[in-house]
Amino acid sequence: GKYEEGMDFNGAPATLTRAMTALNEEQLIDLALEVLKSSSVQSLGSQRDTPAARIREAAGIVLGEITSCSAEAIMELQSRQVLSNLIMAANDSTMTAPSSIRGDTAPRCLGMLEAAASLLMFTWQHPAGAESELLDRLIEALDVGAVTYLFRALTFKMDWESRDKSAGGMKARAAGCRLACCLFGIALTDDTSIGMRRLMESCDADQSSRRVSKGPRNLMEAVLTALQTSLTYAHKLMAGGADRGVHYHAALLDLVEASLLATGSMCGSSVAPGGSEGTLITGDQFLVMRADEFESRRKEVCKVACDVVIRGGRSGPALLPTMLVGGFGEGAVGASLRLALSIAQNGSKDQHSKLASSGILVPVSDILKAALTSGDLYKFSAALALVRFCG
């Protein structure tokens, strides 16, 4: 884990763990929430760079950063049921205006977006309470306009070539992809199909509310575009392209991982990323195609996603095997395995053939051996299932 227990296990500096404990004990979350909820603070919907706007943005940054490393902070926010408040605080058409207090020109909404994504991801990874709790959180997010908000966060204009101005935009897209991963993945855990139906209705309503002549038309297309674009630039970087610095590099690889996770959920994976080590992929629940009213849409996403990860362009090299051996960062290994399995489960036999012919079986067999040694049930059974589908 990446939270308190994980930091202790991985030997994080004692000063870091003490600082995080102190921030929780000093009730920093209370102050940040008070700033976000205060009616006396000017809305960030204004393009003006006022002190009040900076304070409110800073509160969002605080929540985004502390939820990235503290399970205690996340559980505190869970108890207050602030998911909808975080999304509403950020859900404004001008929230994508560049920040003036960050050095990476990230949009003003980044901190709130990261906090919402961390909160929902943790809830999915560690389900507790009533069986309907996950569905309740999903509907809560949809009711406050999460789909429209995410579409804006994933499609606002940014200069991918810029060394100084692109990292913030990629961070926002990565956080948006993680939140989208949660929405689609949690919807798949609901046996009643109410969650998926509400999610698809929100996507359709959002698409019909605007006229788009080019580019992504809906949230699913926006995620696939983020995946394709990030893989294109990451492949260029790995192949010896222009070095734009460590911040650009880290943000790009984080976006690759996040877009792989979101696409995996859209293709039909209901396994929570990072909380799956004890999950055994077996039986009809995982190895049989999901048959519901959204099957055709899921198949189309699988088809597009397969083409994106198999080839870097029409004649480019196969990207999926490179991802499975860690060529696009350690985080992309598990994310690409999860995506490949969901494509194999819910795609056609043509996709099975493409996956197999791309050369994934060699790295998959290596993952199988490593997982057997380490005792990782999810990676072991997922690799075994991929061999069954594509071997």
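Helix α13 is mostly covered, with 15 of its 21 residues buried; buried means under 20% relative accessible area, exposed over 50%, and partly exposed in between, with a 1.4 Å probe and protein chains only. The model is predicted, and local features need pLDDT of at least 70, side-chain atom pairs count only at pLDDT 80 or more, while totals for chains, interfaces and linings use all residues. Residues are numbered from 1 along each chain as its sequence is written, and side-chain values use heavy atoms, with hydrogens and water left out.

Helices are DSSP runs of H or I with at least four residues, numbered from the N terminus. α13 covers residues 246–266 and reaches 30 Å from its first C-alpha to its last, close to the 30 Å expected at 1.5 Å a residue; the expected span is 1.5 Å times one less than the number of residues. Gly 268, with a positive phi near 120°, follows α13.

Thr 263 sits in α13. Why does Thr 263 count as buried? Its relative accessible area is 0%, and the cut-off for buried is under 20%. Leaving aside residues up to four places away in sequence, Thr 263 touches Val 223, Leu 224, Leu 227, Ala 305 and Leu 339, where contact means heavy atoms within 4.5 Å. By contrast, Ala 14, in helix α2 (residues 14–25), is partly exposed because its relative accessible area is 44%. The C-alpha atoms of Ala 14 and Arg 137 are separated by 35 Å, and the two residues are 123 apart along the chain.

Next comes the nonpolar core, defined as a set of buried Ala, Val, Leu, Ile, Met, Phe, Trp, Tyr and Cys residues joined through side-chain atoms within 4.5 Å. The largest such core has 127 residues, and those touching the most other members are Leu 63, Leu 199, Leu 231, Leu 260, Val 309, Leu 320 and Leu 355. Helix α10 (residues 167–188) supplies the largest share of this core, 15 residues. Because 20 of its 22 residues are buried, α10 is largely enclosed by the rest of the structure. The span of α10 from first C-alpha to last is 32 Å, close to the 32 Å expected. Among the contacts of Leu 355, not counting residues up to four places away in sequence, are Cys 306, Ile 310, Leu 320 and Cys 390.

Grid points are joined across faces, edges and corners, and a volume is the space filled by probe spheres set on the points.

The structure holds 3 cavities of 30 Å³ or more.

The largest pocket has a volume of about 1,600 Å³. Of its 45 lining residues, Lys 2, Gln 125, Glu 257, Pro 273 and Gly 274 lie nearest its centre. Helices that each supply at least two lining residues include α10 and α13.

Definitions and conventions: On a 1 Å grid over the protein atoms alone, a cavity is a set of points where a 1.4 Å probe fits but cannot get out, and a pocket is an open set with protein on both sides within 12 Å along at least five of seven lines; lining residues have an atom within 4 Å of a point.
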